Amino acid sequence: MNILLVFKEVLFNRWTSFLLIVQISLVIIVLSNVALIYEDKAQSLAEKSGMPEEHILTLMVRQSSDDVDVEQQVKKIQSLLEDINGVEGVTTINGVPLSSGAGWQQEFSTVADVQADKVNTTLYMVNSAALSALDLKLEKGRFFEAHEVQFSNASDYNLPHLAIINKATEKRLFDDQSAVGKLIYMPEDLQNPMTVIGVVEELKGVWPKSPSYDFSVMVPRVDLAFRTFYMIRHERPITTEFSEKITSLINNEIKTVLVERVNSLKDVKRKSFQDNISLLGVLNFIALILVLLTLSCVFVISFFEVKRQKKNVAIKFSLGYSRKNILGYFLWRNILVYIVVVVISLPINIYASNYTSLLYGTPTLSWLELSSVVLLIGTVVIMATAFPSWLATKTEVARLLK
Amino acid sequence: MKAETEISLAIKSFGFQWQKYMFIAAVMSLGIAVFLVVSNLYINLTSAFEQPHLHQLYKPVLNDWKKDEAFDELDSSKLPPLMSYQNSMALAQIEPGQNASSFKTEVIYYPSQAQSLSLLPLSTRVSSISFFEIFNLHFKFGGKDELTQKSGAWVVLSNQTNERLFAGANSVGKKLNLNGHYFEVAAVLEEKTHLFREHDVVNGAFEGSEDIYLPWQAADVLNPVIRGKKLCKDGKYASRYLDVKEGSCLWVNHWVKLADSELHAYEQEVSSYAQQLSATGMLTGETPYQIYRAKDWYEKSGVINNDSKIFPLLAIAFMFVCAVNACVILYAQAIEQKPDAANWYAFGLSRRSILSVFLIQSGICSLFIVALTFVFSLVGISVFKGIFPAYETSLYLGLDSFFIMVVISISFMLFFSLFPGISLSRVKPVVYLKQGGVA
């Protein structure tokens, strides 16, 4: 195949080539940036929370009256929930992981100095059953004992002096050393450090968009507040019937509380990430339409080019060109155009992706993403050219040259 | 006569090729509809910042957060959006200006025996009376006079709460049991008309507005819950109104309405107050205070998020992809039409007239594009609202959108028809007539 001849043809049909270049360049630029945003959104969705989300029910109850012994009430609800058949663990907690709702962010450092390097974490107040209730994997040390759990008024800021941290926090604060037995300090209360007694593999924070999302610290405390969260793990995935059963059980047995919310952790996460999930759907739709538009554009141009050049093709056949040569001629024509597209769109793409990454705080366009998009659109271009090119090989030479 | 011939030829030709034109219309209208829906959201939000009642609204903020620590790790220039009760009351004393101090809490509604409702937690804002005027909240039943006459035991219901508790009837004068205390309904607000929660944009500007509004005097009686540990710079865990009222916790949302001529005097007063506080170490940082225009505050608080910023750009690119696609099909269409054009030329039609015929065909097509864009936009808006409920009130098609739709449809179609049209008008009749009409 004489590539130079094909290139001359590209230049000769400059308008159709120009339209193809504009169309495909735009598609590649849009798709590359869509891929960048997609990656940002999908990454946060794919992250493991460290808990079996389908098996955990989150429950929020609040006092309907101020004249209640909250501690007794919490213990009663805990015991009611633990007695349910199939329940494998129940813990109180001050904020539901992954929920984007209420919670506590707390900074910690490894030295008693307010200027020291700190890590912003999600502070969870849990009871001694949290390990089984959240099905956490204890990697080092031990979990809290029942007698270590403090029942404290919500306005009492004195936190327990024991802590269990997740692996990410351990790595951030102690690098490769084990955190067990070491002290961690809150800048507001340097006189009362906490001793790390255990490390769990993974436990995500409350707010997916916050820097504290990857870092968590648990303390043995039950917050006696106007509102209490419970997390209940069941041996089977959470169903609506189970949620309703829990609500009616508490409503019937405890008259001083109001069940405000009952959801599986999976639903809580879905709600919290709903915008991202919806956006991924929209991005998928945009990508699909763009691919279809490219397919249609390349097909239409190729089809009409073949139609327009029927006489030329007939002449080429009479000059000894084989069907393979003719097929190659039309395919190579669009491949050449595509190479020009890739070269032209690259600098614009880098500029556009810089803007996108500036907005989203994501890394700029990676070569992997760009080459995936280039490969995808390249395949679409070849697919869309194949049928018209095949039609060209079926040209009736005798009739056209008559 | 010439114009009539051109129009008649264009209509006939359009009739023969209508499937292709419908495909072009579908592709173009899809692109324009996506652009309209996405840009509409962005335009509606930014234009919401320019509403007349926000022009004179300012948000004073004080840097009374911890020393050596940014209030917001991601943006160190951000000052706390809330302030302590003492500071809010001190700023309220400054002349000139009309102040609105408020805070968010929650109370429980105890239904009467006649109502078949269970206990109902109500999202509540405790505010001053001026709050309603400053944020341009209109009353459906009752009004400001009723509020001033009722001493402290009044409550204002949102329209939605009034629907829920009183089936939408005029409930002014009725009593509500909130946390065991009775409050008289003084007014009911009109249906929510604001695009976002203008008075509190920090924790989700598009979250629902409050169910009820109570006066400050009610807070002394109810001692409602103040939530959020981040509120207290000394690390205290905020709990109840009376616990934090006199402390250094930041929980009061303060706004002020100022005429342009009053701004300078107000700034001087706030500056002098901030200097006093800085001297005692109460304020920290290089910028101890800031006074933001409402619009600037909304921008700083990210009311328009990154997705809303980048999607109009993606939508423009998408629209151009569709337009180029339509141009490609039009070009193919022009190639197909060349034998006809050769005949027209042979029968005496000028090249200019051939171009006119093609442009008229495109003009007819653009009318279909307008109609299809309208349908696609309506479908797109309802789908978008279904997917992103937060934008329920921010997305609508106004007359201006319709006008833009018509202008874009016609101008895009004519512009992208020019090149294929010119190509058609340059037809060489000898080539096509010799072939007996075969391209």
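**Note on the predicted two-chain model**

1. In chain B, the UniProt annotation "transmembrane region", which comes from an unreviewed entry, is assigned to residues 21–43, 310–332, 353–381 and 401–419. The structure these residues are compared with here is a predicted model, and the annotation should be read as coming from the record.

2. Two of these annotated spans in chain B can be described from the coordinates. Residues 310–332 of chain B are 100% helix and 0% strand, with 33 Å between the end C-alpha atoms, while residues 353–381 of chain B are likewise 100% helix and 0% strand, with their end C-alpha atoms 41 Å apart.

3. For chain A, the unreviewed UniProt entry gives "transmembrane region" at residues 12–38, 279–306, 326–350 and 370–392. Of these, residues 326–350 of chain A are 100% helix and 0% strand and have end C-alpha atoms 37 Å apart, and residues 370–392 of chain A, also 100% helix and 0% strand, have end C-alpha atoms 33 Å apart.

4. Chain A is divided into domain 1, made of 3–46 + 275–401, and domain 2, made of 65–255. The centres of domain 1 of chain A and domain 2 of chain A, taken over C-alpha atoms, are separated by 54 Å.

5. Between the chains, 38 residues of chain B are in contact with 46 residues of chain A. On the chain B side, helix H12 (residues 306–336) of chain B supplies the largest share, 18 residues, and the residues of chain B that touch chain A comprise 24 nonpolar, four polar and ten charged.

6. Within chain B, helix H2 (residues 18–48) of chain B packs against helix H15 (residues 399–425) of chain B at an angle of about 145 degrees, and the axes of the two helices are 11 Å apart; the crossing of H2(B) and H15(B) is right-handed. From H2(B), the residues B:Met28, B:Ile32, B:Leu36 and B:Asn40 meet residues of H15(B) that include B:Ser401, B:Ile404, B:Ile408 and B:Phe412.

7. On confidence, the model scores ipTM 0.70 and pTM 0.73. Chain B has an average pLDDT of 82, and 91% of its residues score at least 70. In chain B, the confidence is highest in strand S9 (residues 253–257) of chain B, at a mean of 92, and lowest in helix H16 (residues 429–434) of chain B, at a mean of 72.

Conventions: Residues numbered from 1 in each chain as written. Chains lettered and ligands numbered in written order. Predicted model: local features only at pLDDT ≥ 70, side-chain atom pairs only at ≥ 80, totals over all residues. Contact = placed C-beta atoms within 7 Å. Helix = DSSP H or I, 4+ residues; strand = E, 2+ residues; numbered from the N terminus. Nonpolar A, V, L, I, M, F, W, Y, C, P; charged D, E, K, R; others polar. pLDDT = per-residue confidence, 0-100. UniProt positions renumbered as here; feature names shortened; annotations may be inferred. Domains from an automatic or database assignment. Axes fitted to C-alpha atoms, helices over the stretch in contact; angles between N-to-C directions. Left-handed = near helix turned anticlockwise from the far one by under 90°.
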